[in-house]
Amino acid sequence: MSDVNNVREWLESFDAHVDRHIGPRQDDLRQMLAVLGYRSLDELVDATIPANIRLKTPLRLDPPKSPQHALQELRQLAQKNQIFRSFIGMGYYGCIVPPVIQRNILENPGWYTQYTPYQAEIAQGRLEALLNFQTMVADLTGLPLANASLLDEATAAAEAMTMCHRLVSTPGLVPGPQRGQCNTFFVAADCHPQTIAVVKTRARPLGIRVEVGPPQTLDPTKSDLFGILLQYPSTDGRIVDYRELVRRAHEAGVLVVVATDLLALTVLVPPGEFGADIAIGSAQRFGVPLFFGGPHAAFMATRAEYVRQMPGRLVGVSKDAEGRPAYRLAIQTREQHIRREKATSNICTAQVLLAILASMYAVWHGPQGLRRIARRVHALTAVLAEGLRRAGFEVGPEVFFDTIRVRLKPAQAQEVLSRARQRRINLRDYGDGSLGISFDETTTRPDVLDLWSAFLGQTPPFAVEELADRVSVGYPPELSRRSPFLTHPVFNSYQAEHEMLRYIRQLETRDLSLCQSMIPLGSCTMKLNPTAAMLPVSWPEFSDLHPFVPPEQARGYLEMFGMLRRWLAEITGLPAISLQPNSGAAGEYAGLMLIRAYHESRGEGHRNVCLIPTSAHGTNPASAVMAGCRVVPVACDSGGNIDLADLRRQAQAHRNELAALMITYPSTHGVFEEDVREICQIIHENGGQVYMDGANMNAQVGLCRPGDIGADVCHLNLHKTFCIPHGGGGPGAGPIACAKHLAPFLPSHPAIEPQDLPDGLARSPQAVGAVAAAPYGSPAILPISWMYIAMMGEPGLKKASQVAILNANYMAARLKDHYPILYSGRNGRVAHEFIIDLRAFQKTAHVTVEDVAKRLMDFGFHAPTMSFPVAGTLMIEPTESESKTELDRLCEALQIIREEIRDIELGRADPNDNPLKNAPHTVTMVCGTEWAHPYPRERGAFPAAWVRARKLWPASARIDNVWGDRHLFCTCPSVEELAR
């Protein structure tokens, strides 16, 4: 009888994603709440979050969908995108993703769920792949030092501009006349339009003057010039010998940046060989799909002597405790968490996963394969150009690689565009009657025939094969590459698929990812990346669109963006959303640029002081400097809260210049500050705006909203709160949400005509400009967040925040008798993360926070955030996705480590030779012939019973970072070095 009564309920039930996403089961939740003394999640939240900021009504979101229903709806949206053959170019090209790489890296959680490789001993596989990327870039550009990727080509150009400015301002770094006071950066007019736009945006708040013009007429001796940006090949395909211009620039003390194309450099003289100081560009065409504009890995290469001024991460070779070569991030003292406002950049998220894809593409094809692809692309372009010339069209340039420009009368150009559209072909329209055509790896002979037909309006009177026998390809000696590249064995050993598969797998096993265990880093939110949400990334409808196709070809994307913007606006309580920033740090910068533009619109452009509490996120000070602000720190009290008295003092002292406060909420100290509304009010009363860093939005969704609290703008780390995977240190996405009065200043983009601008790109002439190369930043990963929100709905999102808070408080309760909990809020509760204090152990046992971090590797765990925001501490964020079993394992590991520290304190263990000081223990250490340590091998390798069943052996013993920085080496080591 009861079964009959339940029929209606059964008809409505489905596999709810929230039940899969939340780690602890219902019984677990009850037990964990009991440990804390609460009967429900609501009671816990009431005791944790100030009542005056709590949401009074549920978020207005669509009901949750099952994964299957969400995928069906997203598939319907995807099918509204139309995949034409795009020959638009502009830095974006079709490519063939080798299936062995797509399946085993792009679609493999063993690669996409890793964190930034700050714990190098358990990130050796990823670091090797990144070192391959650096070697590939250095070889192809002809410059000795490359970084491990940047966000995109346009922002890389902007980073190069500011790097040049720092270099010429540092006495003795740049040879020739000193130009420390110079303030003009020249940009060649034939650079990609999006690059010019982003450079202009970045230059404006820094007071740098950008001059755009033809490089042929540039006088590099101009008194105010400090740097030059050239495009090689140019946006319309021209290849110019820049040797003389570079020589004259160097004689005048001016630095030269060259934006270039890696595939073209397999056949063209590399920039380093004609004197360039910095080379930048995108590695997209090396096996990374178009993705409607991103995510893609940019690159930067430069001279070795400029290493400390270089932005971004840098992988170097050092040695470990066993004397073997090992990889790690080099010279991290340049980075924003340490240097703060003096950092080389605010870059936090790079594009690691995409850089790895590009590096593996080079490994797969090798130098000969890459050169073969380049020659084929060039040959097809040459055949196309010859046919058009024979048909009477004016075709340029004379020397090209993969791009030509056909000059027509405007009416004639429109006819050609119409015929091309009928053939589902996209061309580049320059707007002056000329059309651009760019070829790539995917171009075929039928494509050439279709293009001829589109231009002629009829079947061409000649064949591809006929003209192929008559065109000449190649370059004059001054432009033709003669130097070898990719000579290292790694680029010449894995062209057989079986070998490639094994190499990828070998590297994967040297890394720790979410596949092995939790990654409990505070403020980084390493949560579940749902498999259902990851599937759409590889759908052709999302992966094969050029970012500058006409809007009607991207209707599915645009509808999805609209839904995502509406959801994020409701979640944040801020009505206007831009999806353009392609990292959290880029979102910080964009949000501050809105505030700057707002003040300028009110005749208060002099407002440039940014107050930043010491509890704010680490990239904030560097972002503020990039936005032209002067950073003024604000103290925190002994409880980790913003010191209200100091805030009032600073706000009033700078009331005439106050631009903004940057606040992270809940704070990086892991507390919900009770006075947050008053904090916002103080800033507003003194003429400033409130920027809220969204790093910790994971504890707010469904419980409180930045807009209701008093924030004017915030960014959202979609790769944290909304489940886009971190990819080993990127991709990321950092959309910004803002109040109505800031909406007119949202980013715009030069590649989209104003009449075609959909919502989400500012139409106002007051817009801050472009902050990323593509209009929507990294569109291909936005379906992940769309899927997550669609599957969770309001109740699921709220429960995720509640359980994130529960998991953190449960762990804090279990650990408080073993380690001091540094900060807590109301009722002794922490937010979704907490800090344990290890500083006393330096005195009592000579144990450092690094010792504890390395020892956790022996348990199979990645360490929590180390020494940030407080030196000598660990910041732990368990996230809502981790089960009680996993939380208990980490608690047990930390408790065992505390007992090992106690053994040292009580004299039961040698202070210099113990499991902590020798961690991590590798298989070669434990299985070696000799074991000279006073504790058993088993204790070193298997410190807890459950480790045996799931042992992850660290690939390296403890790495000597100091030695590596003193002996900087950032390209692939030789076979002999690896064999040591």
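# Local features of a predicted model

Ser149 lies in the loop between strand S2 (145–146) and helix H10 (153–169). The model described here is predicted. In it, the phi angle of Ser149 is near 120°, a positive value in a residue other than glycine. With a relative accessibility of 0%, Ser149 counts as buried.

A positive phi is also found at Thr525, where it is about 50° although the residue is not a glycine. Thr525 sits in the loop between H18 and helix H19 (531–534). Its relative accessible area is 1%, so Thr525 is buried.

## Cis peptide bonds

Gly730 and Pro731 are joined by a cis peptide bond, with omega about 20°. Pro731 belongs to the loop between strand S21 (713–715) and strand S22 (736–738). Another cis peptide bond connects Phe868 to Pro869, and here omega is about 5°. The loop that holds Pro869 runs between strand S24 (865–866) and strand S25 (873–876).

## Salt bridges

The structure contains 57 salt bridges. The table gives three of these pairs, with the distance between nitrogen and oxygen.

| Arg303 | Asp277 | 2.9 Å |

The salt bridge between the side chains of Arg303 and Asp277 links distant parts of the chain, the two residues being 26 residues apart. Arg303 is in the loop between strand S8 (298–302) and strand S9 (315–319), while Asp277 is in the loop between strand S6 (255–261) and strand S7 (278–282). Arg303 has a relative accessible area of 23% and is therefore partly exposed. Asp277, at 3% relative accessibility, counts as buried.

Arg502 and Glu499 are both in helix H18 (residues 497–508). They are 3 residues apart there, which means that about one helical turn separates them. Arg502 is partly exposed at 48% relative accessibility, and Glu499 is partly exposed with a relative accessible area of 36%.

Asp837 has a relative accessible area of 15% and is buried. Elsewhere, salt bridges that share partners connect Arg855, Asp858, Glu900, Asp903, Arg908 and Arg939 in one network.

## Helix packing

Two packed helices are described by the angle between their axes and the distance between the axes. The axes of helix H9 (residues 124–141) and helix H14 (residues 352–390) come within 8 Å of each other and cross at roughly 65°. H9 is therefore roughly perpendicular to H14. The crossing of H9 past H14 is left-handed. On the H9 side, the contact involves Arg126, Ala129, Leu130, Asn132, Phe133 and Met136. These residues meet Val352, Ala355, Ile356, Ala358, Ser359, Met360, Ala362 and Val363 of H14. By class, the contact of H9 with H14 has 11 nonpolar, 2 polar and 1 charged residues.

Helix H5 (residues 41–48) packs against helix H27 (residues 782–815) at an angle of about 70°, and their axes are 10 Å apart. At that angle, H5 is roughly perpendicular to H27. H5 contributes Leu41, Asp42, Leu44, Val45 and Thr48, which meet Lys798, Lys799, Gln802, Val803, Ile805, Leu806 and Asn809 in H27. The contact of H5 with H27 has 6 nonpolar, 3 polar and 3 charged residues.

Thr201 is part of helix H11 (residues 193–203). With a relative accessible area of 1%, Thr201 is buried. Leaving aside neighbours within four places in sequence, Thr201 is in contact with Tyr589, Met593, Val768, Gly769, Ala770 and Val771.

Phe400 is located in the loop between strand S11 (394–396) and strand S12 (403–407). Its relative accessible area is 7%, and Phe400 is buried. Not counting residues up to four places away in sequence, Phe400 touches Gly237, Ile239, His378, Thr381, Ala382, Ala385, Arg389 and Tyr475. For one of these residues, Ala382, the separation from Phe400 is 18 residues along the chain and 8.4 Å between C-alpha atoms.

Technical notes:
Residues numbered from 1 in each chain as written. Predicted model: local features only at pLDDT ≥ 70, side-chain atom pairs only at ≥ 80, totals over all residues. Heavy atoms only, no water. Salt bridge = Lys/Arg side-chain N within 4 Å of Asp/Glu carboxyl O. Helix = DSSP H or I, 4+ residues; strand = E, 2+ residues; numbered from the N terminus. Buried < 20%, exposed > 50% of the residue type's maximum accessible area, 1.4 Å probe, protein only. Axes fitted to C-alpha atoms, helices over the stretch in contact; angles between N-to-C directions. Parallel < 35°, antiparallel > 145°, perpendicular 65-115°, else oblique. Left-handed = near helix turned anticlockwise from the far one by under 90°. Contact = heavy atoms within 4.5 Å. Nonpolar A, V, L, I, M, F, W, Y, C, P; charged D, E, K, R; others polar.
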